[in-house]
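Thank you all for coming.

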Amino acid sequence: MPVNREAVIRIEVAVCIVMLSLLLADCTSVHAPVTLTFVDQGWATPAFNQERERELQEFARETGIQVKLLPSPESTREQLALWRELLRPSASGPDVYTIDVIWPGILNENFVDLKPYFASEISAGFPAITASYTIDNKLVAVPYDANIGLLYYRTDLLREYGYREPPRTWDELAPMAARIQAGERAKDRKAKKQFWGFVWQGAATEALTCNALEWQAAEGGGQIIEKDKTISVNNPDAIRAWQRAARWVGSISPPGEVGYKEWDSLNVWMAGDAAFMRNWTSAYVDGQAAGSPIRNKFDVSLLPGGKAGRVGTLGGTGLVVSRFSTHPREAVELVRYLISRDVQIRRSRLLTEAPTRPELYDLPEVREPNPRFALLSQAFRTGIVSRPSNLTGKKYEEVSNAYMQAVHSVLTGERNAPESAKALENELVRITGFKKGPPPGGSARP
Ligand code: GLC
């Protein structure tokens with residue numbers, strides 16, 4: 001039979017069209033790649049940004065899920081305002097957020113309960129850290145970055161001025177800081193004019209709440225509001241602790257200290273112009289960066305203590321999945337990746353970030369480059385003081401604001417400490433409706 005070429009071509013074309021349309025149909029049934037939006041408070045140093053970028057790319061390679069990162073403002077307060085904006089149900093906001101350890105009670109209902117997804121990670125975690133992300137048995141966030149207030153000190157200067165170790169009490173700190181400050185200034189009056197004994201965070205921000213809580217809790221002055229909902233802040237130990245800090249301003253600390261946030265104190269410290277600094281665990285990496293004038297000239301210890309021990313305020317962030325996310329499954333995958341062993345080990349090495357998984361502290365690759373981590377893993381168990389955020393829930397912002405303003409007015413000399421503590425006590429009663437009383441084991445109210 002003679003072959004009809006035209007007919008063959010027509011059949012071939014028809015087959016191609018069918019195949020192409022099958023292929024296209026198949027393509028359209030495959031989901032477009034998912035892009036998640038992530039907003040992270042982070043300590044946005046170049047090293048941190050670079051590592052996070054690498055992580056998000058690695059995650060995209062492993063899972064096919066892309067992540068778009070949104071920028072975040074600097075202070076906790078501005079961040080909270082932005083998060084609230086982004087979390088309005090009508091807004092197509094981020095899928096994954098980090099939240100400050102003090103926000104679960106404030107933002108709780110916007111997030112998915114993560115307990116079913118992270119049960120094993122949580123049961124192996126630091127109980128006090130997990131507790132701060134848990135509200136009424138709901139795991140609002142998974143710990144991501146564990147932070148605690150620490151004392152940074154210049155090892156070279158301590159040696160030079162004859163001190164074998166950093167101060168163990170707040171009372172010891174002031175004379176040491178004063179002596180080093182005087183000595184450094186005397187060396188070269190012009191160049192060292194800016195040298196200070198101790199820098200910390202005295203601006204009326206959340207960081208002052210953290211600093212002041214450390215001073216007073218160490219002296220038996222309680223935790224502002226106790227676990228049994230007693231407003232305990234108006235007590236002689238807290239008052240004395242605030243008064244002592246007010247004496248630092250303009251003597252061992254700059255007069256501008258009352259306007260300092262974390263970055264301000266870090267800048268003075270990084271320039272080599274302070275003997276001691278109170279800051280978070282995350283401040284370590286910057287001082288050790290190549291070219292830093294204080295590289296290998298400093299170390300960290302627990303904050304100094306008082307008659308009730310040595311404590312640091314628990315800080316840090318947790319990861320949450322938004323209830324409004326249209327990709328909750330992928331969002332949980334991102335959270336799982338970000339808290340994974342490998343990411344935490346790498347971050348501990350490159351960014352000196354403290355792992356949130358206790359078992360990692362025993363690994364040589366974590367312990368050896370970071371000998372001070374032993375101190376942290378212990379502190380996360382026994383040396384933390386928590387802000388009364390879960391206790392006061394949505395009212396925490398108002399509570400903290402009242403507290404930081406009261407302490408700030410003492411630091412600036414606007415009010416005397418007993419007056420300020422009394423007014424604060426009344427204000428906290430008004431805000432929370434809780435009762436007044438002494439801190440556990442503390443001195444009676446004035
Ligand atoms: C740090 C802490 C956070 C705290 C904030 C105060 O970012 O991790 O918990 O609220 O400092 O400035």
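**Around the ligand**

Helix H9 (206–218) and strand S11 (312–321) each give at least two residues to the shell around the ligand, where helices (H or I, at least four residues) and strands (E, at least two) are DSSP runs numbered from the N terminus. The model is predicted, so local features need pLDDT of at least 70 and side-chain atom pairs pLDDT 80 or more, while totals for chains, interfaces and linings use all residues. Residues are numbered from 1 along each chain as its sequence is written, and side-chain values use heavy atoms, without hydrogens and water.

Which two domains give residues to this shell? They are domain 1 (5–140 + 315–382) and domain 2 (148–311 + 390–436), and therefore the ligand lies between them; the bounds come from an automatic or database domain assignment.

Turning to polar contacts (pairs of N or O atoms within 3.5 Å), an oxygen atom of the ligand is 2.6 Å from a side-chain N or O atom of Glu262, and a backbone N or O atom of Gly316 lies 2.7 Å from a ligand oxygen atom.

How values were computed
Polar contact = N/O pair within 3.5 Å; in protein donor to acceptor, adjacent residues only side chain to side chain.
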